[in-house]
Amino acid sequence: MIKSSYIITSRNDHYCGDSVSRLTKTLNFLGEVLNSENSLDTSECILVDWGSKEIALHKILDLNEYAKKITKFIVVPDEIASKYNDDANFSEVHAMNCGFRNMSGKYFLRIDQDTLVGRKFVNWINNTPESELPNLAFSGRRDLNEEESLSFKEIILNENLNKNVELAHSYNAYNNIIDNKIYSFWGSAVGVMMVEKSEFEKLKGFNEDLIYMNQMDIEFTNRLLSNNSIYNLGLKLNFDFYHQFHSKDMNKKRICNPQLYRNNLFENDNSENWGLKEEDLKIFKF
């Protein structure tokens with residue numbers, strides 16, 4: 001039985017440097033960690049290839065035997081992706097909802113394409129009975145610097161080293177109040193966002209109006225909190241998620257979703273075909 005569905009959205013576009021190399025490291029390390037925790041048979045990784053214009057990701061990724069065992073590809077060709085992108089660079093909300101539509105697991109686990117998952121999380125979700133797992137959980141992440149990214153395995157797998165990697169948005173991690181403003185832990189950069197399948201389905205997923213950069217995770221979380229409490233995985237697992245270093249120059253060119261989605265509750269107007277339900281897509285295991 002599949003318990004964990006890791007959802008990654010990406011494409012072959014040289015985003016902020018060598019994006020394919022970072023994705024390859026993410027997938028291979030995830031496979032290695034799942035294998036070390038005896039979780040390969042209860043896990044899958046859904047990789048949504050969102051509009052690669054040159055060579056599709058499945059044709060160029062160099063995956064190890066563990067990553068091959070768990071990876072399922074959803075190829076969304078550019079002509080389809082462009083319909084949903086509108087004037088955005090990359091509609092993550094459509095891509096993530098598409099990943100959800102095609103997952104087999106009990107839990108949707110959203111991670112970035114260059115975020116490395118540590119052993120503590122895999123051990124926790126694999127060994128906690130489903131009756132004790134939360135419907136909604138979130139962890140921030142640690143940001144590897146350029147030097148740390150070169151030796152990420154040594155650092156992540158060493159408990160004396162991984163805790164020294166700098167936290168992203170540390171002011172969010174502990175629900176800080178700064179100048180009378182509350183910084184909620186689920187408002188920080190995503191390490192993992194975990195949502196139980198039926199809860200995701202009931203709310204029709206990520207709001208597909210938010211086609212630009214940022215805010216989509218916290219907007220969805222705000223809606224989920226209407227009927228769920230949220231578990232602070234970062235505190236439980238000492239933020240066992242690690243973002244690989246890359247240039248952020250290209251981020252400056254992307255339009256962002258409005259900040260008002262962070263602190264307000266909105267209706268989700270997704271159609272019944274949300275998540276590209278009616279599109280004819282190529283979906284296959286590696």
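The description throughout concerns a predicted model.

The burial of β10 was examined next. Five of the five residues of this strand (residues 192–196) are buried, so β10 is largely enclosed by the rest of the structure. In a regular strand, the side chains alternate between the two faces of the sheet. For β10, both faces are covered, with V192, M194 and E196 buried on one side and M193 and V195 buried on the other. Helix α4 (residues 92–101) is also mostly covered, since nine of its ten residues are buried; these are E92, V93, H94, A95, M96, N97, C98, G99 and F100.

At the level of the whole chain, twelve helices and 13 strands are present. The radius of gyration is 18 Å, close to the 19 Å that the globule rule gives for 286 residues, and the chain is therefore as compact as a globular protein of that length. Taken along the principal axes, the box filled by the C-alpha atoms is roughly 50 × 45 × 40 Å. Of the 286 residues, 56% count as buried, and among contacts with a separation of 6 or more, 85% are accounted for by residues 24 or more positions apart.

A further element of the fold is an open sheet of three strands, in which the order is β5-β12-β7 and the pairing is mixed. Its edge strands are β5 (115–117) and β7 (142–143), each of which pairs on one side only. Strand β12 (residues 241–243) runs parallel to β7, to which it is joined by two bridges, and within this pair D143 stands opposite H243 of β12.

The largest pocket holds about 1,300 Å³ of space. Its lining comprises 46 residues, and those that lie nearest the centre of the pocket are D112, R141, A189, M213 and N214. By residue class, the lining of this pocket divides into 15 nonpolar, 18 polar and 13 charged residues. At least two lining residues are supplied by each of β1 (4–10), α9 (170–173), β9 (181–183) and α11 (216–224), with the largest share, four residues, coming from α11.

Most residues other than glycine have a negative phi. N38, although not a glycine, has a positive phi of about 55°. This residue is found in the loop between α1 (19–36) and β2 (43–50), where N38 counts as exposed, because its relative accessibility of 69% lies over the 50% cut-off. A positive phi, of about 50°, is found also at H169, which is not a glycine either. H169 is located in the loop between α8 (159–162) and α9, the latter being one of the elements that supply at least two residues to the lining of the largest pocket. With a relative accessible area of 35%, H169 is partly exposed.

The loop between β12 and β13 (282–285) contains N268. This residue counts as buried, because its relative accessibility of 12% is under the 20% cut-off. Leaving aside neighbours within four places in sequence, N268 is in contact with L203, K204, G205, F206, N207, E208 and R223. The C-alpha atom of N268 is separated by 31 Å from that of Y242, and the two residues are 26 residues apart along the chain.

Notes:
Residues are numbered from 1 along each chain as its sequence is written. This is a predicted model: local features need pLDDT of at least 70, side-chain atom pairs count only at pLDDT 80 or more; totals for chains, interfaces and linings use all residues. Side-chain values use heavy atoms; hydrogens and water are left out. Two strands pair if DSSP finds at least two bridges between them. On a 1 Å grid over the protein atoms alone, a cavity is a set of points where a 1.4 Å probe fits but cannot get out, and a pocket is an open set with protein on both sides within 12 Å along at least five of seven lines; lining residues have an atom within 4 Å of a point. Grid points are joined across faces, edges and corners, and a volume is the space filled by probe spheres set on the points. Ala, Val, Leu, Ile, Met, Phe, Trp, Tyr, Cys and Pro count as nonpolar, Asp, Glu, Lys and Arg as charged, and the others, Gly among them, as polar. The radius of gyration is taken over C-alpha atoms; the globule rule is 2.2 Å times the number of residues to the power 0.38. Buried means under 20% relative accessible area, exposed over 50%, partly exposed in between (1.4 Å probe, protein chains only). Contact means heavy atoms within 4.5 Å.
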